[in-house]
Number of protein chains: 2
Amino acid sequence: MSAALREAEKAYALGETPIGAVIVKDGNIIASAHNMRETGKCALYHAEILAIHQACRVLGGWRLSDCDLYVTLEPCIMCSGAISQSRIKNLYFGASDPKGGAVLSASVQNADGLFPQTNCECGILLEECSTILKNFFKDLRDGRFNKCK
Amino acid sequence: MSAALREAEKAYALGETPIGAVIVKDGNIIASAHNMRETGKCALYHAEILAIHQACRVLGGWRLSDCDLYVTLEPCIMCSGAISQSRIKNLYFGASDPKGGAVLSASVQNADGLFPQTNCECGILLEECSTILKNFFKDLRDGRFNKCK
């Protein structure tokens, strides 16, 4: 999760909502990415999606069934679906996202249906994962970033 | 939807599950894609994801709020999330997918929560959209394709 947080910091520096993700296989980080929606001008460029794309490239196939994903914020519906589609084995996330999160949130009926093949654990480095987002949105309100909203 | 069906036919010819999608803006098709999960070796390469990616590239931004998406099969959770994330205005799909579909299925609690900014209409060219899938899976059972499963 520390490596995912470092990815989140890279997003922060770009004025992107600071969310980072890494994918681990056999104890090694095989993919790492951060949110790039604004900079990359694409709705799909969440940290998890970019990391999954990278991991599929590295492994040369679409099944990530021996991989774990660490992400600093609870995944949204799109990313949760992508985690499920790619058969990620274990999902670890830091802060929960009561508004947009799909793992603990009310928008998806049950985690079993969403993740038939993925175990999920939350609250990893919770304070750090929450703090980076809080600081970012404070900076944003203070006008530090000129984001295209 | 006819153009989306033509995309599905391209997937069929590759031995990919035949699902096609197009994105329309101001009456023009700005993106068209078909399922490429096996050939592209990536869990993300559903028709809708590839079409959304293409449309963001064409328009130079992540908001597809003046765009409509036509897809031959009811979108899964990942694609439904991507449609929501990209602010697609209208979603039209052909066949429903009782197993993996997230728009009418039981896995997502309500379409309002999933698609706050997207209208949804289903059953467009239903027979054609269903038939291409049925034919494909019959071919698959008959051993016409040597798919890596």
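Residues are numbered from 1 along each chain as its sequence is written, and chains are lettered from A and ligands numbered from 1 in the order in which they are written. In this predicted model, local features need pLDDT of at least 70, side-chain atom pairs count only at pLDDT 80 or more, and totals for chains, interfaces and linings use all residues, while side-chain values use heavy atoms, with hydrogens and water left out.

**Exercise 1. The sheet of chain A**

Task: Give the strand order of the open sheet in chain A, and find which strands stand at its edges.

Solution: 
- Step 1. Start with the terms. Helices (H or I, at least four residues) and strands (E, at least two) are DSSP runs, numbered from the N terminus. Two strands pair if DSSP finds at least two bridges between them.
- Step 2. Read off the order. The five strands of chain A run S2-S1-S3-S4-S5, with mixed pairing.
- Step 3. Look at the ends. S2 (28-34) and S5 (119-122) of chain A each have a single partner strand, so one side of each is left without a neighbour in the sheet.
- Step 4. From one strand to the next, it averages 15°.

**Exercise 2. Strand partners in chain A**

Task: Find the direction in which S1(A) pairs with S2(A), and name the residue that stands opposite Ala21(A) in S2(A).

Solution: 
- Step 1. Take S1(A) and S2(A). Six bridges join them in the antiparallel sense.
- Step 2. Find the residue. Ala33(A) in S2(A) stands opposite Ala21(A).
- Step 3. Look at the turn. S1(A) and S2(A) form a hairpin with two residues between them, and Asp26(A) in the turn has a positive phi of about 50°.
- Step 4. Go to S3(A). S1(A) and S3(A) run antiparallel and are joined by five bridges. Here Ala21(A) has Val71(A) as its bridge partner.
- Step 5. Now take S4(A), residues 90-95. It runs parallel to S5(A), with four bridges. Leu91(A) stands opposite Cys120(A) in S5(A).
- Step 6. Check the cover of S1(A). Five of its six residues are buried (under 20% relative accessible area; exposed is over 50%, partly exposed in between, with a 1.4 Å probe and protein chains only).

**Exercise 3. Two helices side by side**

Task: Describe how H1(A) and H5(A) lie relative to each other.

Solution: 
- Step 1. Two packed helices are described by the angle between their axes and the distance between the axes.
- Step 2. Know the axes. They are lines fitted to C-alpha atoms, for helices over the stretch in contact, and angles run from 0 to 180 degrees between N-to-C directions.
- Step 3. Read the values. The axes of H1(A) (residues 2-14) and H5(A) (residues 126-141) come within 11 Å and cross at roughly 5°.
- Step 4. Classify. Angles under 35 degrees count as roughly parallel, over 145 as roughly antiparallel, 65 to 115 as roughly perpendicular and the rest as oblique. H1(A) and H5(A) are therefore roughly parallel to each other.
- Step 5. Find the contact (heavy atoms within 4.5 Å). Residues of H1(A) in it include Leu5(A) and Tyr12(A), and those of H5(A) include Ile132(A) and Phe136(A).

**Exercise 4. Rings in chain B**

Task: Which class of pair do the rings of Tyr12(B) and Phe136(B) form?

Solution: 
- Step 1. Apply the rule. Rings of Phe, Tyr and Trp (its six-membered ring) pair if their centres lie within 6.5 Å; planes under 30 degrees apart count as stacked, over 60 as edge-to-face and the rest as tilted.
- Step 2. The centres are 5.4 Å apart and the planes stand at 85°, so Tyr12(B) and Phe136(B) are edge-to-face.
- Step 3. Place the residues. Tyr12(B) lies in H1 (residues 2-14) and Phe136(B) in H5 (residues 126-141) of chain B, so the pair ties together parts that are 124 residues apart in sequence.
- Step 4. Check burial. Tyr12(B) and Phe136(B) are both buried.

**Exercise 5. Positive phi in loops**

Task: Where do Lys41(A) and Arg87(A) lie?

Solution: 
- Step 1. Recall the background. Most residues other than glycine have a negative phi.
- Step 2. Take Lys41(A). Its phi is positive, about 50°. Lys41(A) lies in the loop between S2 and H2 of chain A and is partly exposed at 43%.
- Step 3. Take Arg87(A). Its phi is positive too, near 65°. Arg87(A) lies in the loop between H3 (77-85) and S4 of chain A and is partly exposed at 24%.
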